[in-house]
Amino acid sequence: MICALADVKAYMQVTDDGDDALITTLIEAAEGYLADAGIHPGEPVDARYALAVSALTLHWYDNRQAVDTNLTDLPLGLRQVINQLKAKGVIGEVCEIGRPN
């Protein structure tokens with residue numbers, strides 16, 4: 001895991017430890033989602049990467065019980081952050097998320 005659990009929980013404003021296993025799984029899924037989109041954290045880790053992981057994790061955490069909504073829509077501003085990361089150069093080809101390379 002690249003992004004620290006404590007940092008993501010701070011972004012999410014989660015203070016208890018009851019959902020740590022779930023949040024850890026969501027962080028790993030968010031990092032995998034970005035990796036599959038051709039986005040890597042960079043060295044040192046780009047703050048926008050950490051923001052994207054945190055925002056995706058929060059989005060999935062808040063919507064984990066939704067059954068009839070379109071969860072393919074990303075939170076406001078997240079698509080732009082991901083596209084900036086892709087264009088940065090340390091990360092795969094430039095393309096818009098959701099569209100084939």
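A polar contact is a pair of N or O atoms within 3.5 Å; within protein, one atom must be able to donate a hydrogen and the other to accept it, and residues adjacent in sequence count only if both atoms are side-chain atoms. The model is predicted, so local features need pLDDT of at least 70 and side-chain atom pairs count only at pLDDT 80 or more, whereas totals for chains, interfaces and linings use all residues. Residues are numbered from 1 along each chain as its sequence is written, and side-chain values use heavy atoms, with hydrogens and water left out.

**View 1. The start of helix α3.** Helices (H or I, at least four residues) and strands (E, at least two) are DSSP runs, numbered from the N terminus. Where α3 begins, a side-chain oxygen of D46 comes to within 2.7 Å of the backbone nitrogen of R48. D46 and R48 also form a salt bridge, with the closest N and O atoms 2.9 Å apart; this term denotes a side-chain nitrogen of Lys or Arg within 4 Å of a carboxyl oxygen of Asp or Glu. D46 is buried, at 10% relative accessible area, while R48 is partly exposed, at 27%. Here buried means under 20% relative accessible area, exposed over 50%, and partly exposed in between (1.4 Å probe, protein chains only).

View 2. The structure holds 3 salt bridges. K9 pairs with D20 at 2.7 Å, N to O. K9 lies in helix α1 (residues 5–12) and D20 in helix α2 (residues 20–36), so this pair ties together parts that are 11 residues apart in sequence. A further salt bridge links K9 to D17, whose closest N and O atoms are 3.0 Å apart. K9 is buried, with 8% relative accessibility, and D20 is buried as well, at 18%; D17, at 56%, is exposed. Side chains of opposite charge can pair when their charged atoms come close.

**View 3. The surroundings of D20.** Leaving aside neighbours within four places in sequence, D20 is in contact (heavy atoms within 4.5 Å) with L5 and K9. The side chains of D20 and K9 make a polar contact at 2.7 Å.

**View 4. The largest nonpolar core.** A nonpolar core is a set of buried Ala, Val, Leu, Ile, Met, Phe, Trp, Tyr and Cys residues joined through side-chain atoms within 4.5 Å. The largest one has 22 residues, of which L34, I39, Y49, A52, V53, L78 and I82 touch the most other members. Helices α1, α2, α3 (47–62) and α4 (78–87) each supply at least two residues of this core. The greatest contribution comes from α3, with 6 residues. In soluble globular proteins, nonpolar side chains tend to be buried together.

**View 5. Helix α3 and its cover.** The buried residues of α3 are Y49, A52, V53, S54, A55, L56, T57, H59 and Y61. Their cover includes α1, α2 and α4.

**View 6. The whole protein.** The secondary structure comes to 4 helices and 0 strands. Of the 101 residues, 35% count as buried. Among contacts between residues at least 6 apart in sequence, 57% join residues at least 24 apart. The protein exposes about 6100 Å², of which carbon and sulfur atoms supply 52%; accessible areas come from the Shrake-Rupley method with a 1.4 Å probe, and for residues only the protein chains shown count as cover.
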